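Welcome! Try each task before reading its solution.

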Amino acid sequence: NLWEFGGYVGNAYDMNDFWRFNPTSNNWAWMGGAGTTGTVAGVYGTKCVTAATNYPGPRYENRATWTDANGNFWMFGGDNYDNILGNRYLNDLWMYCVASNQWTWVSGDNTYNQAGSWGTLNVASPSNKPNGRAGAVGWRDNNGNLYLFGGTSGISFIVPYNDLWKFTIDPSCGTCA
């Protein structure tokens, strides 16, 4: 399956609708989200707690997406734009459990335009986190680690990034039944 989350609608608002495309049947299925434009807020819940009420907020340019070894969908950040506040960059990491049709907020912040914490190069730490950004790319290695590269953010001007992040999935964070 292919997965699609959110998107940009003109110069008004972003979407938080979630879709699955089955290439065998050549059909789309709406999996959740508001299905309308507007300022729909995400529901973060508690980090690492999967719940039917959790749902990422609207965003676009969230190109850093992955599918893990179990077929679950992951996504990081993006640009949450509206015509009143402008660009608002997110640094939240989410996992969507295909089996239960539920989301888990895994990492990052639940507010926009948050600063990153780079820590020490090549040293993993719970306090390390990328800043809010859009347009980053992602891939998964053979060991299941998620990688995030680059992207842009900025309030008064666009700042490009060329940093590389590695995220190791913690199996105790969230449940997927």
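**Exercise 1: the disulfides**

Cys97 and Cys176 form a disulfide, with their sulfur atoms 1.9 Å apart; a disulfide here is a pair of cysteine sulfur atoms within 2.5 Å. The model is predicted, so local features need pLDDT of at least 70 and side-chain atom pairs count only at pLDDT 80 or more, while totals for chains, interfaces and linings use all residues. Residues are numbered from 1 along each chain as its sequence is written, and side-chain values use heavy atoms, with hydrogens and water left out.

Task: find the handedness of the bond between Cys97 and Cys176, and where each partner sits.

Solution. 
- Step 1: the torsion about the S-S bond of Cys97 and Cys176 is about 95°, so this disulfide is right-handed.
- Step 2: Cys97 belongs to strand β6 (residues 89-97) and Cys176 to the segment after β10, so the bond ties together parts that are 79 residues apart in sequence. Strands (E, at least two residues) are DSSP runs, numbered from the N terminus.
- Step 3: Cys97 is buried, at 0% relative accessible area, whereas Cys176 is partly exposed, at 37%. Buried means under 20% relative accessible area, exposed over 50%, and partly exposed in between (1.4 Å probe, protein chains only).

Task: look for disulfides in the whole structure and work out how the cysteines pair.

Solution. 
- Step 1: the search finds two disulfides. Besides the pair above, Cys48 and Cys173 are joined, their sulfur atoms 1.9 Å apart.
- Step 2: Cys48 is in the loop between β3 (27-32) and β4 (65-67), and Cys173 in the segment after β10 (159-167), 125 residues apart.
- Step 3: with a torsion of about -90° about the S-S bond, the disulfide of Cys48 and Cys173 is left-handed.
- Step 4: with the bonded cysteines numbered in sequence order, the pairing is 1-3, 2-4.

**Exercise 2: a buried arginine**

Task: is Arg133 buried or exposed, and which side chain does the side chain of Arg133 contact?

Solution. 
- Step 1: Arg133 lies in the loop between β7 (102-107) and β8 (137-140).
- Step 2: its relative accessibility is 1%, so Arg133 counts as buried.
- Step 3: a polar contact of 2.6 Å joins the side chains of Arg133 and Asp163. Such a contact is a pair of N or O atoms within 3.5 Å; within protein, one must be able to donate a hydrogen and the other to accept it, and residues adjacent in sequence count only if both atoms are side-chain atoms.

Terms used: Helices (H or I, at least four residues) and strands (E, at least two) are DSSP runs, numbered from the N terminus.
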